[in-house]
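Subject: Structure handover

Hello,

Here is the structure we talked about. Please open it alongside this note; my findings follow below.

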Amino acid sequence: MWRNWEVQWFFISLLSISLAAFILAGFLFSIRVALFVLVTSGLLAGCSLIFTRWRYREIEKLSGYLRKISSGDDSLDVRDNQEGELSILKNDIYKVTLMLSEHRSFLEKDKLTLTTALSDISHQLKTPLTSMMVMADLLSDSTLEESKRAEFTQHIRVQLERIEWLVSSLLKLSKIDAGTISFKKDKVVVRDLIQSAVQPVLIPMDIKEQTLSVSGDETVTFTGDLRWTAEALINILKNAVEHTGEGGVISISFSENPLYTEITIADNGHGIPKEDLPYIFRRFYKGKNASDDSVGIGLAMAYSIITSQQGDLEVRSEKGNGTVFSIKFYK
């Protein structure tokens, strides 16, 4: 405490004033008055010393508290719930500590998410890359039959397309997560949206001899981004086609009320097990009924696109009784 120049100057000034008051009182009045002034000044100096030492101990405690926070220990509560500047400072430090703790938790969570995502991406890319390396080694054989050569070449092309789709989807998801995509707020006619979304799945549906049913008023609209919402619907429809057997039915209906515009996509496939329902919108999650080619990213992307436009995506399903996806865009 005595090394602090502020404290030194304070007590030097206090002693100087006390000494001057003692001399002046003795000169103008009497020795008794001068002694009274001297004793009073000494008591005031002693009280100031005690108060200053107490404040220094409190500040030292705060310094130790801050050192513990910097080392990662944010479980201490420094508040004393009293009045005064130090109490206000303690409360403010505690609030900052809570904020730092929350930020640290978020950073740890983001780090874990990034690590998991990189692990999943590596796993998803490893399978097609390994397959292509095997095919490339086989193609290097000069005695390989032309039919086999064409088959292996086609297989490599399919795997490359799969890698391209995976990388493209991950880039889209990362842009949505980072908030770098500016979703348009146009008036979207739902009938036009559905026409754009069903085009990529018509051929897979035709191969499986599935039937598509679309119903709804042509005047139904909502405010959103046509291109990105169509991307979301395409992923939901692909999921429906994949999990609906040959000769199945996929129905799309849409309606509008004063609160929201709703789009419903239903199928009569084998449904989603109850234990998988809470996780189907989680990226890289593959349910029990997922095919071997499934990556588990389509529904996660659909969910991110819709919720980023202040929409809502829900799913209802019973094993053996099909699945219903409900999309709502609120007014």
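Buried means under 20% relative accessible area, exposed over 50%, and partly exposed in between (1.4 Å probe, protein chains only). This is a predicted model: local features need pLDDT of at least 70, side-chain atom pairs count only at pLDDT 80 or more, and totals for chains, interfaces and linings use all residues. Residues are numbered from 1 along each chain as its sequence is written, and side-chain values use heavy atoms, with hydrogens and water left out.

Aromatic pairs

Rings of Phe, Tyr and Trp (its six-membered ring) pair if their centres lie within 6.5 Å; planes under 30 degrees apart are stacked, over 60 edge-to-face, the rest tilted. The count is five aromatic pairs. One of them is Phe 183 with Trp 228, edge-to-face, at 6.0 Å centre to centre and 70 degrees between the planes. This pair links distant parts of the chain, 45 residues apart. Phe 183 sits in the loop between helix H4 (146-178) and strand S1 (186-189), and Trp 228 in helix H7 (residues 226-242). Helices (H or I, at least four residues) and strands (E, at least two) are DSSP runs, numbered from the N terminus. Phe 183 is buried at 17% relative accessible area. Trp 228 is buried too, at 9%.

Tyr 260 and Tyr 330 have ring centres 5.7 Å apart and planes at 75 degrees, so this pair is edge-to-face. Tyr 260 lies in strand S5 (residues 260-267) and Tyr 330 in strand S7 (residues 323-330), 70 residues apart. Tyr 260 is buried at 18% relative accessibility, whereas Tyr 330 is partly exposed at 45%. Phe 281, Tyr 303 and Phe 325 form one aromatic cluster.

The sheet

Two strands pair if DSSP finds at least two bridges between them. Five strands form an open sheet with mixed pairing, in the order S2-S4-S5-S7-S6. Strand S2 (211-216) and strand S6 (311-317) are at the edges; each has a single partner strand, so one side of each has no neighbour in the sheet. S5 and S7 run antiparallel and are joined by eight bridges. Ile 263 has Ile 327 in S7 as its bridge partner.

That covers the rings and the strands. Which pair would you like to look at together?

Best wishes
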